[in-house]
Amino acid sequence: MLRLAVDIGGTFTDLVLEEDGQSWSTKLLTTPAAPEQAVLEGTRRILALAERQPAQLGLVVHGTTLATNALIERKGARTALVTTEGFRDSIEIAWEHRFEQYDIHMERPEPLVPRPWRRGVPERIAADGAVLKPLDEAALRAVAADFRRDGIEAVAVCFLHSFTHEAHERRAGEILAEELPGVALSLSCEVAPEIREYERASTTIANAYVQPLMAGYLGRLESGLREAGIAAPLLLMMSSGGVTTVETARRYPVRLVESGPAGGAILAQAVAAECGLDRAVAFDMGGTTAKLTLLDGLELQRSRQFEVARAYRFVQGSGIPVRIPVIELVEIGAGGGSIARRDALGRIQVGPDSAGSVPGPACYGNGGTEPTVTDADAALGRLDPARFAGGSIPLHLDRAAAALAGLGEDAAAGVAEIVDETMASAARVHAVENGKDTAERTLIAFGGAAPLHAARLARKLGMARVVVPVGAGVGSAHGFLRAPIAYEVVRTRHMRLDALDAGVLEALFAAMRAEAEAVVRLGAPGEALVETRTGFMRYRGQGHEIAVPITTLDAAALRAGFDAAYAALFGRTIPRLEVEALTWTLALATSRPLPSPAAEPPSRPAPAPAAWRMVLDPATGLREEAALHERAALAPGMALEGPALVVEDATTTVVPRGATVHVNALGQLVLEIAS
Amino acid sequence: MRDIRLQVMWNRLLSVVEEQARALVRTAFSTSAREAGDISAGVFDLEGRMLAQAVTGTPGHVNSMARSVVHFLHEFPADTMRPGDHFITNDPWKGTGHLYDIVITSPAFHDGKLVALFSCTTHVVDIGGLGQSPDGRQVYHEGLFIPLLPLVRGGVWDESLLRMVRANVREAVQVEGDIHALVACNLIGERRLSAMMAEHGIADLDELGTHIIERSQAGMEAAIRALPQGSWDGHMRIDGYDAPIDLRARVTIAGDHVAVDYAGTSGASAYGINCPICYTEAYTAFGVKCIAAPTIPNNAGTLDAVRVTAPEGSIVNALHPAAVNARSTIGHMLPDVVYGALHQCIPGRVPAEGTSNLWNLKLGAGHGITGPTGQPFMVTTFHSGGAGARPRQDGLSATPFPSGVRNVPVEITETVAPVVVWTKELRPDSGGAGRQRGGLGQVMEVEHRHGAPFGIFATFERVHYPARGREGGQPGAAGRLSLADGTVLKGKGFQVIPAGGRLVVEMPGGGGYGPPEERNPAAAARDAEAGLVAKPLMQLSDK
């Protein structure tokens, strides 16, 4: 089947077309005012490139940063909040904390809904679901009249404990639909029926905020594709790593944020399967940020906590929290464009601010004067000035050197070492928080800057192997085509394991299954489905739950599952302590078997280097000639020894002295690094 | 390249203690540890000099834990430490200020050689005694006192000590769990340090430690030398338990250090709000560092640059056996006192006074507390009033400073305890007026879910003496604790809310900065439209 993937990023819209193992890709500038234009133009181009007709397309999978950008740039709908009387400030009070201990100038992000549009109505549900105060419908209608007057375009409804007893929110939804026809409505009991009022309200508001925008965009895209003669179904990539239908995407657009990185993680999972890697780390480094994800037994780490628009140096707590299914990854402000400077102690600091694409790194020659990671890579000799970004951006090494000179001696090596150390620290802390270790894994590197830094990063993390997949520059779009059609449903139902009511839980999971199946069947009517149940549990008295996979719904099995998960995370259990569960999830996905490991190809001699370049290795401080190879000239079975550079349009793979690289049967570069 | 190599190892050391701390937060039981990050973790050289410390939620451990390692080394010299040893204390004067904080210090070995010490501390769920009350009159009332003792020797745990702990605390399983977590966290530190030393091929931390301390010292000195030199006085009067307390500080900026002397400060209280000097040092150093050198990592090089003295027996240098359980009541006010002095020295750099003291609701019911009716419970939720206005920014509403705690969601509180929170909203008009407005406090109204009586352990400040503004800024609103029927409660001490009663907690606002009539009209209009100020400030300037 001919399948198309489209990934709209901040700068570029990437397209990948696949058919029976053959693939084409193209990249064009994103058209922010009307993103569907780049999608439609790109689709036309890539079909022409592959000499295929629009009608031949069997599937279109699409991921977009549109929702994320609307949240970052505050360009969503005029949104209002209806909440329990006495709680209109929950989303402003947030966690009542300072995320930067020593900074007295710190500011928390402004709520998406200003205070005049946050309205409390009399009603109250208790923690056990009892109605302490009925919904005051007249008061709600009066609030709706104010919203009408103010031209409100979207309303979020979030009442306390609505995840336990939905009636008040459902009734409020009916009344608002009557009073405000045409206004987008998001109910917290549908968008994020989970305990913790701030996070639930924040998620519901974010959903409402982007709903009109996404509905408009998806409508225009669908009709555009139709007019172009494409009859193939359109599926949307979600942050969970699954894809869903346009209809679901319209109702829950908040689930589409961070879909690009999710696509990258799905690609890494496929690569891990192809290479037979039991333990890996996906490493995606672009212009502004680096993202790292742990892979164990081909499973991606999953979570329900994510923050959009971290305003403050990517610091945890400085963004808008959304509770949606996400692939757990750590994101740090370290990319090719990250700016380096010396701090008050004379230490080199890299990022998190980035020179972006305008003016870009100094070596672009577009007016940038501050030294960046790309400038350091250029000065180290890692980049061919005539080959950067396929030759579209000629590099000015003199400008890189001038910008770096301000940092003093050994600046290029220092910047490279510090950015690699920063990423390594983030990966280690992320791993320890998940009860894991980075040592003896394989690093899967993609994104324009990752293959330049992968070997050194791997060494710092105690890894001996790096894999650079084919098409590393458009990794996310490749991942889209490998994602299952999936949906996850969440419910909070507080229960102590020593007082477990399996009947209640069975009914709960049955309802969740029905809800998930209704969504998944839209996109996968006949396919076999895989169901995954998870409980979020803790010792009574603790503040954080851990995810526990569920097989059998009885207290002993749940306790055993909890003990195993707790021991894996923290290395011990506490035998005499009660366990309680707060939240339950059910994920339903089409079965997408992962590829099997490919056999090693017979070895063949590598061609002579295309050229030689002087390269400085920051690990040793030694400067020596490195062999330059075109990646296109390397076929499966060929092997090289470092120091070498393997160059392709979108990136360069650095092979340091002491390391070897070979091309496997699938054309992936595999680096082996001696420790 | 040597410089870069040392910087890389320094970064790694910071990452090691960060990993150590994260592991502890994830496994701790007490609300303050997990929600507020009320823990600390650090690595020390063999003389007890701190080389790196994790940035955690509360600054109260900043150098109290650092000093504590010296006490351990005094009792258990480094050359007597063996692999598998771990030492323990909760001595308020040699640990971190009250019995609730347990400190564990462990030697770290690499290739069979002692190379460093790891230390960490956490606030445990219970330590016996009166519980989370400020009503103790001596430290003996406040629970189990563990002197500096070996906890594990060569991998063998002292079971007698553990039995003693279990017998003296209300939540034995959780407290023991926390002690295990502390030991495990130091072991993570040791493992990571050893891996780093192997990777970089170093046999000891001498060169790295010297580099870290010298660099930090130099950076701190440069920051201090950039300030005007001289002495300035700060004074702040606060509510106290039964009588007002005067906090006085003389801040002297003298070349390579800042000296803060609390001479003239009131004497120790007869109740549990006294502050041992280690905790006074911690919050004083934190306050100074936020202004002078916020980005320099904390270590022995920076800590030595802030020298704190206080008369023995004063409330900021309370001596054994003074009761110290709620020592944060005083400790949290100290940055404001120091800023009062610093403002004269460097006008336009420090914020106005804020609520500063946390307005945590410590609620409970049960035998001997409220009588036999209703189910017994004990719950602590973290909340804050408004912070002081900054020279060019409004104060943060409902946000702690200097503490860094995080709140507990209402839905969680109501799930684990039989209470209903009817209101939790910003408190209009509570932010001190000014060119920059003080942060707003918040109002919470709480009832028992089933109308039974319940008690509150109050440790609230700014009820009688509100946060003052600077440069013509108005004071924030005073805090108020009352019942819905109008009964006014005290700001300190245990009190019972009778059956069917509703507790009303009005948290203070922060002080304003600059004359209110200079406030940007657009900002004033925005506040009025949002209902944050009932009377638009424009009217003030029309007078």
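In the predicted model, 57 residues of chain A are in contact with 65 residues of chain B. On the side of chain A that touches chain B, the elements that give two or more residues are helix H3 (90–93), H7 and helix H12 (411–433) of chain A, and the largest share, 10 residues, comes from H12(A). By class, this side of chain A has 23 nonpolar, 14 polar and 20 charged residues. For the model, the scores are ipTM 0.93 and pTM 0.92.

Chain B has an average pLDDT of 93, and 97% of the residues score at least 70. Over residues 536–543 of chain B, however, pLDDT stays under 50, and for this stretch the model has 12 contacts beyond four places in sequence.

The division into domains may be taken chain by chain. Chain A is divided into domain 1 (2–71 + 215–256), domain 2 (76–209), domain 3 (258–289 + 333–483 + 622–675) and domain 4 (486–590). Taken over C-alpha atoms, the centres of domain 3 of chain A and domain 4 of chain A are separated by 38 Å. Chain B, in turn, is divided into domain 1 (2–216) and domain 2 (351–543), and the centres of these two domains of chain B, again taken over C-alpha atoms, are separated by 34 Å. In chain B, 11 residues of domain 1 are in contact with 14 residues of domain 2; by class, the side of domain 1 of chain B that touches domain 2 of chain B has three nonpolar, six polar and two charged residues.

Helix packing was examined next. Two packed helices are described by the angle between their axes and the distance between the axes. In chain A, helix H1 (residues 35–50) and helix H7 (residues 197–227) pack at an angle of about 25°, and their axes are 10 Å apart. Because the angle is under 35 degrees, H1(A) is roughly parallel to H7(A). The crossing in which H1(A) passes H7(A) is right-handed, and the contact is made by A:Pro35, A:Glu36, A:Val39 and A:Leu40 of H1(A) together with A:Tyr217, A:Arg220, A:Leu221 and A:Gly224 of H7(A). These contact residues divide into five nonpolar, one polar and two charged. Helix H7 of chain A is also among the elements that give two or more residues to the side of chain A that touches chain B.

A second pair in chain A consists of helix H4 (residues 137–149) and helix H5 (residues 167–179), whose axes come within 10 Å and cross at roughly 40°. This angle makes H4(A) oblique to H5(A), and H4(A) passes H5(A) in a right-handed crossing. In this pair, A:Glu137, A:Leu140, A:Arg141 and A:Ala144 of H4(A) meet A:Ala172, A:Ile175, A:Leu176 and A:Glu179 of H5(A), so that by class the contact has five nonpolar, no polar and three charged residues.

In chain B, helix H1 (residues 2–27) and helix H6 (residues 206–225) pack at an angle of about 85°, with 10 Å between their axes. Because the angle falls in the range of 65 to 115 degrees, H1(B) is roughly perpendicular to H6(B). The contact is made by B:Leu6, B:Met9 and B:Trp10 of H1(B) and by B:Leu208, B:His211 and B:Ile212 of H6(B), and these residues divide into five nonpolar, one polar and no charged.

Backbone geometry was considered last. Most residues other than glycine have a negative phi, and most peptide bonds are trans. In chain A, a cis peptide bond joins A:Gly351 and A:Pro352, with omega of about 5°, and A:Pro352 lies in strand E22 (residues 348–354) of chain A. In chain B, a cis peptide bond joins B:His320 and B:Pro321, where omega is about 5°; B:Pro321 lies in the loop between strand E11 (306–309) and helix H9 (328–331) of chain B. Although A:Arg74 is not a glycine, A:Arg74 has a positive phi of about 55°, and this residue lies in the loop between helix H2 (66–73) and strand E5 (79–84) of chain A.

Conventions. Residues are numbered from 1 along each chain as its sequence is written. Chains are lettered from A and ligands numbered from 1 in the order in which they are written. This is a predicted model: local features need pLDDT of at least 70, side-chain atom pairs count only at pLDDT 80 or more; totals for chains, interfaces and linings use all residues. pLDDT is the predictor's confidence in each residue, from 0 to 100. Two residues are in contact if their C-beta atoms, placed from the backbone, lie within 7 Å. Axes are lines fitted to C-alpha atoms, for helices over the stretch in contact, and angles run from 0 to 180 degrees between N-to-C directions. Helices (H or I, at least four residues) and strands (E, at least two) are DSSP runs, numbered from the N terminus. Angles under 35 degrees count as roughly parallel, over 145 as roughly antiparallel, 65 to 115 as roughly perpendicular and the rest as oblique. A crossing is left-handed if the near helix is turned anticlockwise from the far one by less than a right angle, and right-handed if clockwise. Domain bounds come from an automatic or database domain assignment.
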